[in-house]
Amino acid sequence: MSAATIAGGSRQPRFSTKQKLLAILGIYVLGIVVIGVLAGGGSRNASYEPQNEFKLENWVPIHLAGVDFSITKAVMYLLIAATLTCVSMIYIARRMRQRPNRVQTAVEMIFNLLRENIVAGNMDKKMAARWFPFIATLFLFILFSNLIGYIPLPTNIEHKISVFGLQIPSFSLYAATANLSIPLVLALVVFIAYTTEGIRAKGPLGYLKGLIPAGVSGGMAVPIFILEILSNLMRLLSLSIRLFANVLAGHLLILFMSGALAVLLGVAALGWFTLPLGIALFAFEVTLVAALQAFIFATLTAIYLAGAVADHH
Amino acid sequence: MLASHIPLASSGNFLVKPGIGLMIWTLLVFGITLVLLARLAFPRITEALDKRQKAIEDSIDSAERTREEADKILAEYRERLQEARGQADEIVQSARQMGETHEREAKEQAKELASDAAQRAQRDIEAATQRALQELRREVADLTIAATEKVTRKTLDSADQKRLVEEALSELDFSGVSGSSQN
């Protein structure tokens, strides 16, 4: 029996997983070398400014009473996020079935997470019923904003690409939540919401008194009261900057790893080298950071609301 | 090294500078989203989830109820079976007793009948013996009278003769003839 018949008769795959992985690694290393030799180390690119990826141009200038209401990339992303949130949720709400399909099951899981863990886990039943829509909308709105931020959309009018003679803006990543204004407004709304709730529950003086932790009295009460007021205002910053900085940093990392670094330094091989990192970061941001940040924002909102009406915090 | 080429600090401050217009846009968009979701989406989803929750609870309740019922029926059935078994035992017991009583009574009756029959037979035998003895006496008396007349050629007065003969006969012992009837 010859070796050929054995080889022909066996039904094993031609390459093992290990061999495939080695081949991919080989192509990767070879690519770096080839691009490095062919393109070489070019000059550094001084004109490219990566932060301009996040710059807002006035697409439709609107000025009312001295305030700039112009439609920008951020406004467009806001509108897309809001539309997607409303359309998908209302669509799912309208076709709720007793026996759910996969999408409904996923939405129900998120809904239950919001209802049971975030809202009902922090406040009593009556308060939970009142504040659930607010917290759920916050979560979904931030989640959708974060997620569409990872879909490349033709929004970069600084650089155009030609498609059959048609000049269309380059595709780029952006996120409404990567702009401080937007998380700041949401944090402000949360701040106003829990302060109002606290004052409604205890009265203005009672609420201010409630800021002083239990057991503190006498001379120490005054500085601690000031600290508590400051910490309340700091929540505004921590809430908004946590979201903003996470999303912005994620986008910058993806941007740099997926080519910006190579463009900036003029080393083409670097782009090939960092691309896998860019892909890995992209997956990490989409699967974890987007939902995690929305979850944190919603959970903190629930905790602040519950803390505002609690007897002592 | 990289920092000098990425002038974030010099021209990137728009990143952290809040714009009032954009903030109002955000407020507006978020507000509309909140109203739409709170009106059109959340109540329906909540309702559907609560309804399912209720349906699940109901079916668990009814399953429990059915099981309890089944348990009850099973217990009842077992009890009845036990009862029936007891009754059957009782029936068998009483039947056996009745049978035994019947048997005993029948035996006693048979015994009685047998002893009755024996007594009657005894009495018949005795009566027959008495009758035979009576007849024998008469025969013997007549024969004796006839023999005496032949010897004496004289006719005895019938009444005298008879008294004499019967006196003589009564002195005779017929115990040997009557046999077993005497005891």
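His251(A) counts as buried, with a relative accessibility of 2%; buried means under 20% relative accessible area, exposed means over 50%, and partly exposed lies in between, using a 1.4 Å probe and protein chains only. This is a predicted model, in which local features need pLDDT of at least 70, side-chain atom pairs count only at pLDDT 80 or more, and totals for chains, interfaces and linings use all residues. Side-chain values use heavy atoms, without hydrogens and water, residues are numbered from 1 along each chain as its sequence is written, and chains are lettered from A and ligands numbered from 1 in the order in which they are written.

**Chains**

- Chain A has nine helices and four strands; helices (H or I, at least four residues) and strands (E, at least two) are DSSP runs, numbered from the N terminus.
- Along the sequence, the pattern of chain A is α-α-β-β-α-α-α-β-β-α-α-α-α.
- Of the 313 residues in chain A, 41% are buried.
- Among contacts in chain A with a separation of 6 or more, 68% join residues 24 or more positions apart; contact means heavy atoms within 4.5 Å.
- Chain B has four helices and zero strands, in the pattern α-α-α-α.
- Of the 183 residues in chain B, 16% are buried.

**His251(A)**

- His251(A) sits in helix H8 of chain A.
- Neighbours within four places in sequence aside, His251(A) contacts Phe54(A), Gly149(A), Tyr150(A), Leu173(A), Tyr174(A) and Ala175(A).

**Nonpolar core**

- The largest nonpolar core holds 85 residues; such a core is a set of buried Ala, Val, Leu, Ile, Met, Phe, Trp, Tyr and Cys residues joined through side-chain atoms within 4.5 Å.
- Met123(A), Phe134(A), Ile135(A), Phe297(A) and Phe42(B) touch the most other members of this core.
- At least two residues of this core come from each of helix H3 (73-94), helix H4 (102-120), helix H5 (125-148), H6, H8 and H9 of chain A, and from helix H2 (20-152) of chain B.
- H5(A) gives the largest share of this core, 15 residues.
- In soluble globular proteins, nonpolar side chains tend to be buried together.
- Phe297(A), leaving aside neighbours within four places in sequence, contacts Leu138(A), Ile142(A), Pro183(A), Leu186(A), Ala187(A), Val190(A), Leu239(A) and Leu243(A).

**Two buried threonines**

- Thr301(A) is in helix H9 (residues 268-309) of chain A, and is buried at a relative accessible area of 0%.
- The side chain of Thr301(A) reaches the backbone oxygen of Phe297(A) at 2.7 Å.
- Beyond neighbours within four places in sequence, Thr301(A) contacts Phe134(A), Ile135(A), Leu138(A) and Val190(A).
- Trp131(A) is 170 residues from Thr301(A) in sequence, with a C-alpha to C-alpha distance of 9.9 Å.
- Thr137(A) lies in helix H5 of chain A and is buried at 0% relative accessibility.
- Beyond neighbours within four places in sequence, Thr137(A) contacts Phe30(B), Thr33(B), Leu34(B), Leu37(B) and Phe42(B).

**Cavities**

- The structure holds two cavities of 30 Å³ or more. On a 1 Å grid over the protein atoms alone, a cavity is a set of points where a 1.4 Å probe fits but cannot get out, and lining residues have an atom within 4 Å of a point.
- The second largest cavity has a volume of about 30 Å³; grid points are joined across faces, edges and corners, and a volume is the space filled by probe spheres set on the points.
- Its lining consists of Ala187(A), Val190(A), Phe191(A), Tyr194(A), Asn232(A), Arg235(A), Leu236(A), Leu239(A) and Tyr304(A).
- Helix H6 (181-202) and helix H8 (221-265) of chain A each supply at least two residues of this lining.
- By class, this lining has seven nonpolar, one polar and one charged residues. Ala, Val, Leu, Ile, Met, Phe, Trp, Tyr, Cys and Pro count as nonpolar, Asp, Glu, Lys and Arg as charged, and the others, Gly among them, as polar.

Note on methods: Polar contact = N/O pair within 3.5 Å; in protein donor to acceptor, adjacent residues only side chain to side chain. 1 Å grid on protein atoms, 1.4 Å probe; cavity = no way out; pocket = protein on both sides within 12 Å on 5 of 7 lines; lining within 4 Å.
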